[in-house]
Amino acid sequence: MRSIPLVRRSTTFLMAIVVLCCTAIGWSAARAMDTTGLGTVDPVPQNQQLGQSLYLQTCGGCHIVPSPAVLPDETWRQLLQDTQHYGVQLAPIVDPPRLLIWNYLRAFSRPIAEGESVPYRINNSRYFKALHPRVPLPQPATLGSCISCHPGAGAYDFRSLSAEWQNAP
Ligand code: HEC
Ligand code: HEC
C-alpha cells in the first residue's frame, strides 16, 4: 500500500529532472548559436535574437551591415519603410519580420533630440561621430570604409580593430 505513492513521487521527480536537463541543453544550444551562428560579438538578449538575424539576412545582401548604434532610431524606422534606398529599389519588407527587425534596431540605437534633423547618411550622424572620439574619419565615411579599421565588419564585428588602432593610445 505505501510503496505506490513512493513510486509515483520518484517518477515525478525523474520527470522534473528530465525537463530541467532539456531546458538547460536548449538554453546552452541557443547561446552557442548566438555567438557562432551570427558572427557577432555583442551579447543580444534572447527576445532580440530573431530580430538581429532577420536584420543580417535582410540587409546583408549588398553591403556590410552596420551596427544599429551608428544611426538614430528614426533613420532605421524610415529605412525599413522606404523601398527607395539610396538610389536602388529594395523589395518591400513585410511584417512580422519588419517589426522584429525594427524592435532590434530600436533597442540598440538612440532617439534623436527634439527638432533635430534625421540623418540619412552615417557620415552625418552624430552618434557615429560619438562612437569615434579619437578617430580622424574618412570624408565622407561610407559603408565601404568601415573595413579599413574594423577587419571583422563583414562578420558584423565592430569591436575588433585593425592593428594600427588596436595599439593606438
Ligand atoms: C539591393 C541591395 C541593398 C539591400 C538589400 C540593402 N541595401 Fe543598404 N544600400 C544599398 C546601396 C546601393 C547603398 C548606397 C551606397 C552608397 O551610395 O554609398 C546603401 C546604403 C545604405 C546605408 C547608408 C550608408 C551611408 O553611406 O551612410 C544604410 C544605413 C543602409 N544601406 C542600410 C540598409 C538596411 C537597413 C537594409 C535592410 C533593410 C539595406 N541597407 C539593404 C543597397 C542595398
Ligand atoms: C579610421 C578608422 C575607422 C573607420 C573608418 C571606422 N571606424 Fe568604427 N571605430 C574605430 C575605432 C578606433 C573605434 C574605437 C573607438 C575610438 O577609439 O574612437 C571604433 C568604434 C566603433 C564602434 C563602437 C564599437 C564598440 O566597442 O561598441 C562602432 C559601432 C563602429 N566603430 C562602427 C563603425 C562603422 C559602421 C564604420 C563604417 C561606416 C566605422 N566604424 C568606420 C575606427 C574606425
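**Note on a predicted protein model with two ligands**

1. The largest share of the shell around ligand 2, three residues, is supplied by helix H6 (residues 146-149); helices (H or I, at least four residues) and strands (E, at least two) are DSSP runs, numbered from the N terminus. This is a predicted model, in which local features need pLDDT of at least 70 and side-chain atom pairs count only at pLDDT 80 or more, while totals for chains, interfaces and linings use all residues. Residues are numbered from 1 along each chain as its sequence is written, chains are lettered from A and ligands numbered from 1 in the order in which they are written, and side-chain values use heavy atoms, without hydrogens and water.

2. Ligand 2 is surrounded by 20 residues, the closest being His132, Arg134, Cys146, Cys149 and His150 (a residue is near a molecule if one of its heavy atoms lies within 4 Å of it). An N or O atom in the side chain of Arg134 is 2.2 Å from an oxygen atom of ligand 2. A polar side-chain atom of Arg159 lies 3.2 Å from an oxygen atom of ligand 2, and a polar side-chain atom of His150 lies 2.8 Å from a nitrogen atom of this ligand.

3. Around ligand 1 there are 16 residues, of which Cys59, Cys62, His63, His85 and Ile122 come nearest. A nitrogen atom of ligand 1 is 2.8 Å from a polar side-chain atom of His63. For His85, an N or O atom in the side chain is 2.8 Å from a nitrogen atom of ligand 1. Ile122 takes part through its backbone, a polar atom of which is 2.7 Å from an oxygen atom of ligand 1. H2 gives the most to this shell, with three residues.

4. The largest nonpolar core has 19 residues, and Tyr55, Trp76, Leu80, Ile101, Tyr104, Leu105 and Tyr156 touch the most other members. Such a core is a set of buried Ala, Val, Leu, Ile, Met, Phe, Trp, Tyr and Cys residues joined through side-chain atoms within 4.5 Å, where buried means under 20% relative accessible area (1.4 Å probe, protein chains only). Helices H2 (46-59), H3 (73-81) and H4 (97-107) are the elements that give two or more residues to this core. H4 gives the most, with four residues.

5. The protein chain has seven helices and two strands, in the order α-α-α-β-β-α-α-α-α from the N terminus on. Of its 169 residues, 29% count as buried.

Technical notes:
Buried < 20%, exposed > 50% of the residue type's maximum accessible area, 1.4 Å probe, protein only. Polar contact = N/O pair within 3.5 Å; in protein donor to acceptor, adjacent residues only side chain to side chain.
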